[in-house]
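My entries follow in the order I made them.

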Amino acid sequence: MSSNALGLIETKGYVAAVAAADAMVKAANVTIVAREEVGDGLVAVVIVGDVGAVKAATDAGAEAVNQVGELVSQHVIPRPHAELNKFFKVGESA
Amino acid sequence: MSTDNEMLRSLVREALRDALGGPDGIRGAAQALSSQTQQSSKPAQVIEVVSLGSNLDVTNFVNRILDLATDAKTLNAMRQGELVFQLGNGSVANSKQDSGTTRIDKGAVTESTIRKAAESGSTLIVARKVVVTSLARDKARDLGVTIIREGQQDNQKGSVMR
């Protein structure tokens with residue numbers, strides 16, 4: 001699968017993050033590449049896939065989090081630079 | 001009693017004749033009265049077309065109203081509904097069926113939220129904390145739904161400045 005977009009969803013609470021991740025992979029053809037916990041209950045889930053798929057997936061994820069917990073932020077990066085992978089483990093091979 | 005009434009009637013007639021200057025005067029006055037009532041029953045409506053597309057337009061319109069209100073005659077005409085204002089083509093509200101607003105205070109704005117707003121033709125007012133997803137933003141741009149982020153003055157259609 002070509003991974004020309006990066007999708008990120010950050011939630012407050014682990015359960016919300018799991019719900020988001022589940023909704024995202026069910027909604028579109030995307031793969032989860034990372035789960036980041038920065039403390040204070042903030043959990044981020046990172047997905048990769050085609051731009052359209054990632055956008056649809058993050059939207060579905062946001063919808064799911066809306067039901068369960070608190071959505072902190074959501075972002076889609078189309079065509080992320082390869083350089084990102086050096087310090088943020090967000091690539092497909094990460 | 002009946003003679004008193006008769007006397008009273010003739011007195012009034014005389015007084016009227018004196019006041020209006022002969023029987024012609026009465027007829028003329030009656031005519032004038034009837035034409036007046038015709039006028040008041042069917043007032044000439046003046047329609048002024050207003051185009052409200054931006055905040056500047058609204059300010060201009062308010063200034064125009066204030067100018068008109070200084071003249072007592074036009075003020076009265078506006079109150080009586082003889083001077084009517086109509087939304088013109090350039091108006092924001094006129095381009096949609098319904099110009100209601102929907103407030104979203106918490107949670108997230110997703111694509112489905114935008115679709116619902118587009119159906120009712122409403123504008124979304126979004127609190128600062130609320131997250132607007134990328135897909136929702138795209139959809140809003142497509143469907144022409146305006147998202148206004150609270151605490152910000154000027155917004156473009158379908159775009160959210162952060």
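**Entry 1: a contact across the chains**

I began with B:Asp138, which is partly exposed at 22% relative accessibility. The model is predicted, so I read every value below as computed from predicted coordinates. B:Asp138 forms a salt bridge with A:Lys55, and the closest N and O atoms are 2.6 Å apart. This pair crosses between chains. A:Lys55 sits in helix α2 (residues 51-68) of chain A, and B:Asp138 sits in helix α6 (residues 134-143) of chain B.

Is A:Lys55 buried or exposed? I found A:Lys55 buried, with a relative accessible area of 18%.

**Entry 2: other salt bridges**

I counted salt bridges next. A:Glu37 is partly exposed, at 46% relative accessibility.

Another links B:Arg103 and B:Asp105, with the closest N and O atoms 2.5 Å apart. I looked up the exposure of both partners. B:Arg103 is partly exposed at a relative accessible area of 45%. B:Asp105 is partly exposed, also with 45%. I then checked for shared partners. Salt bridges join A:Lys55, B:Asp138 and B:Arg141 into one network.

**Entry 3: the sheet of chain A**

I traced the strands of chain A. Four of them form an open sheet in the order β2-β3-β1-β4, with antiparallel pairing. Which strands stand at the edges? They are β2 (30-39) and β4 (70-78) of chain A. Each has a single partner strand, so one side of each has no neighbour in the sheet. Neighbouring strands are turned by 15° against each other on average, direction ignored.

I followed β1 (residues 5-12) of chain A through its pairings. Eight bridges join β1(A) to β4(A), and these strands run antiparallel. I noted two positions along this pairing. A:Ala5 stands opposite A:Pro78 in β4(A). A:Ile9 has A:Gln74 in β4(A) as its bridge partner.

I then turned to the pairing with strand β3 (residues 42-49) of chain A. Eight bridges join β1(A) to β3(A), again in the antiparallel sense. Here A:Gly7 has A:Ile47 in β3(A) as its bridge partner.

**Entry 4: a loop residue in chain A**

I looked up A:Ala28. It lies in the loop between α1 (14-27) and β2 of chain A. A:Ala28 is buried, with a relative accessible area of 17%. How far apart are the C-alpha atoms of A:Ala28 and A:Ala53? They are separated by 5.3 Å, while the residues are 25 apart along the chain.

**Entry 5: the parallel sheet of chain B**

I moved to chain B. Three strands form an open sheet in the order β3-β5-β7, and the pairing is parallel. The edge strands are β3 (101-104) and β7 (147-149) of chain B, each pairing on one side only. The twist averages 25° from one strand to the next.

I checked one of the pairings in detail. β3(B) and strand β5 (residues 123-126) of chain B pair in the parallel sense over four bridges. The bridge partner of B:Thr102 in β5(B) is B:Leu124.

**Entry 6: aromatic rings**

I searched the whole structure for aromatic pairs. How many turned up over all chains? The search found one. B:Phe61 and B:Phe85 form this pair, with centres 5.2 Å apart and planes at 85°. The geometry is edge-to-face.

B:Phe61 lies in helix α3 (residues 55-70) of chain B, and B:Phe85 lies in strand β2 (residues 83-87) of chain B. The pair therefore ties together parts that are 24 residues apart in sequence. B:Phe61 is partly exposed at 21% relative accessibility. B:Phe85 is partly exposed too, with a relative accessible area of 27%.

**Entry 7: a nonpolar patch**

B:Val12, B:Leu16 and B:Leu20 make a nonpolar surface patch of about 250 Å². B:Val12 is found in helix α1 (residues 2-20) of chain B. B:Val12 is partly exposed, with a relative accessible area of 48%.

Note on methods
Residues are numbered from 1 along each chain as its sequence is written. Chains are lettered from A and ligands numbered from 1 in the order in which they are written. This is a predicted model: local features need pLDDT of at least 70, side-chain atom pairs count only at pLDDT 80 or more; totals for chains, interfaces and linings use all residues. Side-chain values use heavy atoms; hydrogens and water are left out. Two strands pair if DSSP finds at least two bridges between them. Helices (H or I, at least four residues) and strands (E, at least two) are DSSP runs, numbered from the N terminus. Axes are lines fitted to C-alpha atoms, for helices over the stretch in contact, and angles run from 0 to 180 degrees between N-to-C directions. Rings of Phe, Tyr and Trp (its six-membered ring) pair if their centres lie within 6.5 Å; planes under 30 degrees apart count as stacked, over 60 as edge-to-face and the rest as tilted. Buried means under 20% relative accessible area, exposed over 50%, partly exposed in between (1.4 Å probe, protein chains only). Patches are made of residues with over 30% relative accessible area and no salt bridge: like charges are joined within 9 Å, nonpolar side chains (Val, Leu, Ile, Met, Phe, Trp, Tyr) within 5 Å. Accessible areas come from the Shrake-Rupley method with a 1.4 Å probe; for residues, only the protein chains shown count as cover. A salt bridge is a side-chain nitrogen of Lys or Arg within 4 Å of a carboxyl oxygen of Asp or Glu.
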